[in-house]
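Reader: Hello! I would like to learn how to read this model, one feature at a time. Could you take me through it?

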Amino acid sequence: VYLAGRTRSASPSPRRGLPPGSLGLPLVGQSLGLLRAMRRNTAERWLQDRIDRYGPVSKLSLFGAPTVFVAGPAANKVVFLSEALAPKQPRSLATIIGRRNVLELVGDDHRRVRGALMQFLRPDMLRRCVGKIDGEVRRHLADRWAGERAVTVLPLMKTLTFDIVATILFGLDRGGIREQLAAAFADMLEGIWSVPLDLPFTAFRRSLRASARARRLLAATVREKKASLEHGRSFPSDDLISYLVSLRHGDGDGGRPLLTEEEIIDNSIVSLTAGHDTSATLMTFMIRHLANDPTTLAAMAQEHDEIGRSKDGGEALTWEDVARMKLTWRVAQETLRMVPPVFGSFRRALDDVDLDGYRIPRGWQVFWAPCVTHMDPAIYHEPIKFEPSRFDSQAAAPPPPPYSFVAFGGGPRICPGMELARVETLVTMHYLVRHFRWRLCRGEKDDTFVRDPLPSPANGLPVELDHVAPLLPVRGDS
Ligand code: HEM
């Protein structure tokens, strides 16, 4: 009642009408229905039912706040481009990851910190990292897949993507700090979506403590990188932390640091959080799909055999090799279309916003979700069919309109890790397809998943393995 009253008094009389729909019961609103649907893997249906009933823009109440749910390219465009819509994360996330992380920042601060991240994650910097990613993938497969009769894919892919981020972004070698950080990080994630109650025995309290451990480890890493750069033992391009530490405010080497130590640590944590489960989910669902689609797998095997033929001495893949994996990237895009790892996210209206003829009042939330746009038959012909050629730029069919493939978001907040995700996925699929064949373990349903909150196949996707060809050791490894 209080919230409903507050909402009414905070909203001046509308110039345009509010979107259709109902705010439901105070506080609870429609939150329980959506959460239940997410757990049962019927969230897409739940959202689609709203669209069938009210159209692509409707009001409801989620997690205690009046909300406008939007879907479709036109609404996505407004969400991504409107300056009056700022990101809104759950309070638990900001407290655990840190208040200076890029997801929390707006305006000039967002541009400065995001710009710094993007400078390191841009293609011409990442091309130097392909060899390191190749090394991580091959070591992972040799340690965890080779010689095994069966593996459970999702947890292994999470380990792999953690190791890639630890190497490329933090410059941490195996063992030592990297293992301690992995343990702290796993504990931290447990409470990241919890109710933010800092009381003994709550998931949130455990997560906060783990976050403090991770921050201490990263602070020590930042100090070590600074000293190493000052003594000329390393280069800014070695890893993201070295790069961020070396950036200065416009006026050359003597200028003030562009990012504070707190910003470097918070944004290292957010990159790890945003970057490892998402890519692991993409690879897991590609593996699941390929287990049931021998035609696509055979076409991919041909692509990778052609690239791998010149690597008989165990040489690492290069940027140019990765650029040739066009079919594999189309398979990845189609997987992202059908199972986007990010279910959706929130914005908050800093001012009244006009959307599709409706008014979103200042202070309200906006919720956008890629899955509904991705399954719109008006955009994607037969959307439930897995069809990688939709993403073939040479194909006869016209490409989907802007803002209709939004697995990585769009506009000034589009995922800055998109290119890293592309390279690590392609390198991993290269070695998997060249060296292994896999079948879903008996009894595993092949088309279900729960949202946890990322999509997770039943039991983490156990598969039985056949070994097609032995993995060659990484050059320099004993
Ligand atoms: C398949 C893998 C990935 C997917 C599907 C994905 C998806 C997304 C999406 C949808 C957003 C936008 C959220 C919004 O607008 O509310 C986003 C933002 C972000 N992603 Fe990714 N991501 C992936 C990989 C990565 C990686 C590898 C990194 C590591 C650097 C990363 C770091 C970030 C960061 C820092 C943001 C916030 C950007 C900002 O607010 O300016 N992501 N991601």
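Author: Gladly. Let us begin with a record: the "binding site" annotation in the unreviewed UniProt entry covers Cys415. UniProt positions are given in the numbering used here, feature names are shortened, and annotations may be inferred rather than shown by experiment. Residues are numbered from 1 along each chain as its sequence is written. This is a predicted model, and local features need pLDDT of at least 70, side-chain atom pairs count only at pLDDT 80 or more, while totals for chains, interfaces and linings use all residues.

Reader: Where is the place of Cys415?

Author: Cys415 is in the loop between helix H17 (370–374) and H18. Helices (H or I, at least four residues) and strands (E, at least two) are DSSP runs, numbered from the N terminus.

Reader: Why does Cys415 count as partly exposed?

Author: The general idea is a neighbour count: a residue is buried if 20 or more other C-beta atoms lie within 10 Å of its own, exposed if 12 or fewer, and partly exposed in between, with C-beta atoms placed from the backbone. Cys415 counts as partly exposed because it has 17 C-beta neighbours inside 10 Å.

Reader: With which residues is Cys415 in contact, leaving aside neighbours within four places in sequence?

Author: Contact means that the C-beta atoms of two residues, placed from the backbone, lie within 7 Å. For Cys415, the contacts beyond four places in sequence are Phe408 and Gly409.

Reader: How many residues surround the ligand?

Author: For a shell, a residue is near a molecule if its C-beta atom, placed from the backbone, lies within 6 Å of it. Here 24 residues surround the ligand, and the closest are Gly275, Ser345, Gly409, Cys415 and Gly417. Helix H6 (107–121), helix H13 (261–291) and helix H18 (418–435) are the elements that give two or more residues to this shell. H13 gives the most, with 7 residues.

Reader: What is the make-up of the shell by class?

Author: Ala, Val, Leu, Ile, Met, Phe, Trp, Tyr, Cys and Pro count as nonpolar, Asp, Glu, Lys and Arg as charged, and the others, Gly among them, as polar. The shell around the ligand has 15 nonpolar, 7 polar and 2 charged residues.

Reader: Now for the strands. In which sense do S2 and S8 pair?

Author: Two strands pair if DSSP finds at least two bridges between them. Strand S2 (residues 65–70) and S8 are parallel, over 4 bridges; Val68 stands opposite Val366, and Val70 opposite Trp368. On its other pairing, S8 runs antiparallel to strand S5 (residues 345–349), again with 4 bridges, and Phe346 has Phe367 as its bridge partner.

Reader: Which way do the residues of S8 point?

Author: Gln365 and Phe367 point one way from S8, Val366 and Trp368 the other way, and all are buried.

Reader: Last, how many residues does H16 have?

Author: Helix H16 (residues 326–338) has 13 residues and reaches 19 Å from its first C-alpha to its last, close to the expected 18 Å. That expected span is 1.5 Å times one less than the number of residues. Among the elements that cover the buried residues of H16 are H13 and H18.
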